[in-house]
Amino acid sequence: MTDREKYIQSMKQLIQLWEDNPDFDVYSRGATTFCSFPKSKEAFIEQCKVMGGFEKKWDDDYLQAVKTFPGGIRLHVFRDRKEFCTRVVRKVEVPATEEKFCEAVTIPARAAHTKEEVSWECPEDLSLIGEARND
């Protein structure tokens, strides 16, 4: 099968997904990337079920379910990460530093201070959004 035929097959599969699921809002991000932003956590989970196989991805703001069709077209379904994970903020003490001289550059001294480090505690269990698999 040629790349062109794979792309056409992917478009047909994506269109069929939309036709079968009228509540599935999808926005184009170019010729090969499409995105959906469901209005609730429940709608996100439902869209994941409808997609069948997908890959789970996390970033600083979102949980994504990404389905890659055979011709390279990708469908990304986004939901706010805070709905699935717990944001953890930890205060870290940063010690003072002295001024340093390195040939032509002076690195200024820095007073001791406290900074916040943010991390996320997320469940590894995919049952939240269905079973992730690559179909």
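Predicted model: local features only at pLDDT ≥ 70, side-chain atom pairs only at ≥ 80, totals over all residues.

**Stop 1: one residue.** Select Gln 47, which sits in helix H2, residues 41–51. Is Gln 47 buried or exposed? With a relative accessible area of 6%, under the 20% cut-off, Gln 47 counts as buried. Now show what surrounds it. Skipping neighbours within four places in sequence, Gln 47 is in contact with Asp 23, Phe 24, Asp 25, Ser 36, Pro 38 and Val 77.

**Stop 2: the largest pocket.** Next, select Asn 21, Asp 23, Phe 24, Asp 25, Tyr 27, Phe 37, Pro 38, Lys 39, Ala 43, Glu 46, Gln 47 and Val 50, and you've got the lining of the largest pocket. The space inside is about 210 Å³.

**Stop 3: the largest nonpolar core.** Now pick Leu 14, Phe 24, Phe 44, Met 51, Ala 65, Leu 75 and Val 77. Out of 17 residues in the largest nonpolar core, these touch the most other members. Colour helix H1 (3–20), H2, strand E4 (62–68) and strand E5 (74–80) to see the elements that each give two or more residues to this core. H2 turns up again here, giving the largest share with four residues. As a rule, nonpolar side chains in soluble globular proteins tend to be buried together.

Notes
Residues numbered from 1 in each chain as written. Heavy atoms only, no water. Buried < 20%, exposed > 50% of the residue type's maximum accessible area, 1.4 Å probe, protein only. Contact = heavy atoms within 4.5 Å. 1 Å grid on protein atoms, 1.4 Å probe; cavity = no way out; pocket = protein on both sides within 12 Å on 5 of 7 lines; lining within 4 Å. Points joined across faces, edges and corners; volume = space filled by probe spheres on them. Core = buried A, V, L, I, M, F, W, Y, C linked by side-chain atoms within 4.5 Å.
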